Amino acid sequence: MLLINWNFFRLFSGKTISLIGDQVFAFSLSWYILDLTKSSFEMSMFLVVQSVSVALLSPFGGVIADRYNRKTILVSMDIMRAGIVLIMAVFLSQHMLKISVVYISGFLLGIFGAVFNPAASAIIPDIVEKEEIEKAMSLNQFSGAICSLLGMVASGFLYGTVGLLAIFIINALSYLISGGLESSIVIPKRIKISAGNMKRGVFTVVEDMQQGFKAILPNRLVLYLMIMYTLYNIIVFPLGFVYFPYTFNVILKATPYQLALATGTIFLGMIIGSLLVQIYLKKHKLELRRSIFMGLLTWCLSECIVVIVLFTPLQKHLSNGNITAILFFLSTIIGISIMFYNIPIAIIFQKSITDEYRGRFWGVHSSLTSFTIPIGLLLGGVLAQSIPMVYLFVFTIASIFVLCVWVTNLTEVKAISSNL
């Protein structure tokens, strides 16, 4: 069993704990900003600032993940992020937590995350056997889903009870616990970097990043899937981080706890989906293309029902409690569908990139996708102020359907086989 692998168990546990803290932190801070300003643009700017720093620094973080000890990187970045959140807690306790401080803190957290994330992805094949990669990626997605679910639901409750200061402290502690678990990881398969190579330091970072791009670009399958991810981020991130919060806060006048329940179960679905995908891919011999198509199509159909509930005359006959209950179920289905395309694509990436370039690949991947997130959030924040929300939901669904048809009909995607 994969979790008997103590190295992976420590990585899995540490990431789960810190991600729960992250989710509580991000959700609560976004709602706090929306409470203060009633502006979708101001709320999205915090996410934008953090995403920009990730986009700019991720290629550099990928190079670091390939050149230095990945365990040391993980531990160091967790400690740095804990420090930033504790500083924010001090500012809040002194009533000095201005929007400008939030933006600066978000930028710094993004920088440390840009170094952490490529190392966290690249280390997985170092500590598990090749035949366990599929299970490891599923469990990795499972970890992200369960902590997001717990974090979002907990944040909706904690924000109204213990307050933002306690949430900051909880998040800082989660980073420190995570770093402690990661510090005990042993990497048996990691090839040591010679002292001569390490001395080259930052002077060859640009050259290393270029080599990473050169290793990725000839692989048209990986290239097209990366393009899909970047487009997906522009289209979908505003839906979850701008349109839904704006709809619940400004239009429905609902509570943060209702929003957490209505949308947080998407992570419950992701937990269920991460288990179902393993069964599906094993039964159908890694039919990755079919799984990607099924996931994207199911997502589109589920979101169509969401539009009917929120923006047709039916909504007038439903209370906020009724709407929350319906979306609770729909979000679970959406979460399952997300796993049916996320996990197969992650498997393709892990098996298509060699260890030599894996850190740089995840750095480039994180940068390209993160660079598009602020674009989407900025557009979403502006559009939500001037365009009826129903049109924004419909446009998002139609765009994802087009993306689904395009990517699953590419020659390179059709040629995917279990030989990966």
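This report describes the fold, aromatic pairs, cysteines and selected residues of a predicted model.

## Overall fold

The protein chain has 16 helices and zero strands. Of its 420 residues, 56% are buried. Among contacts between residues at least 6 apart in sequence, 89% join residues at least 24 apart.

The accessible surface of the protein chain comes to about 17700 Å². Carbon and sulfur atoms account for 70% of that surface.

## Aromatic pairs

The structure holds 10 aromatic pairs. One of them is formed by Phe25 and Phe168, whose ring centres are 5.4 Å apart; the planes stand at 45°, so the pair is tilted. Phe25 belongs to helix α1 (residues 6-37) and Phe168 to helix α7 (residues 164-182), so the pair links distant parts of the chain, 143 residues apart. Both Phe25 and Phe168 are buried.

A tilted pair is also formed by Phe311 and Phe393, with 5.0 Å from centre to centre and 55° between the planes. Because Phe311 lies in helix α12 (residues 288-311) and Phe393 in helix α15 (residues 389-408), this pair ties together parts that are 82 residues apart in sequence. Phe311 is partly exposed, at 23% relative accessibility, whereas Phe393 is buried, with a relative accessible area of 0%. Phe311 and Phe393 belong to one aromatic cluster together with Tyr243 and Phe244.

## A charge over a ring

Arg81 lies over the face of Phe116. The distance to the ring centre is 4.3 Å.

## Thr16 in helix α1

Thr16 is placed in helix α1, the helix that also holds Phe25. With a relative accessible area of 13%, Thr16 is buried.

The side chain of Thr16 reaches the backbone oxygen of Phe12 at 2.7 Å. Leaving aside residues up to four places away in sequence, Thr16 touches Ser143, Ile146 and Cys147.

## Cysteines

A disulfide is a covalent bond between the sulfur atoms of two cysteines. The count for this model is zero disulfides, with a cut-off of 2.5 Å between the sulfur atoms. Cys300 is in no disulfide, and the cysteine sulfur nearest to that of Cys300 belongs to Cys404, 6.3 Å away. Cys300 counts as buried, at 3% relative accessibility.

For Cys304, the closest cysteine sulfur is that of Cys300; the two sulfur atoms are 6.9 Å apart and therefore too far for a bond. Cys304 is partly exposed, with a relative accessible area of 35%.

## Positive phi in two loops

Most residues other than glycine have a negative phi. His95 has a positive phi of about 55° although it is not a glycine. The residue His95 lies in the loop between α3 (70-93) and α4 (99-122). His95 is exposed, with a relative accessible area of 75%.

Lys253, also a residue other than glycine, has a positive phi near 55°. Its place is in the loop between α10 (220-251) and α11 (256-283). At 61% relative accessibility, Lys253 counts as exposed.

Notes: Residues are numbered from 1 along each chain as its sequence is written. This is a predicted model: local features need pLDDT of at least 70, side-chain atom pairs count only at pLDDT 80 or more; totals for chains, interfaces and linings use all residues. Side-chain values use heavy atoms; hydrogens and water are left out. Rings of Phe, Tyr and Trp (its six-membered ring) pair if their centres lie within 6.5 Å; planes under 30 degrees apart count as stacked, over 60 as edge-to-face and the rest as tilted. Helices (H or I, at least four residues) and strands (E, at least two) are DSSP runs, numbered from the N terminus. Buried means under 20% relative accessible area, exposed over 50%, partly exposed in between (1.4 Å probe, protein chains only). A charge sits over a ring if NZ of Lys or CZ of Arg is within 6 Å of the ring centre and within 35 degrees of the ring normal. Contact means heavy atoms within 4.5 Å. Accessible areas come from the Shrake-Rupley method with a 1.4 Å probe; for residues, only the protein chains shown count as cover. A polar contact is a pair of N or O atoms within 3.5 Å; within protein, one must be able to donate a hydrogen and the other to accept it, and residues adjacent in sequence count only if both atoms are side-chain atoms.
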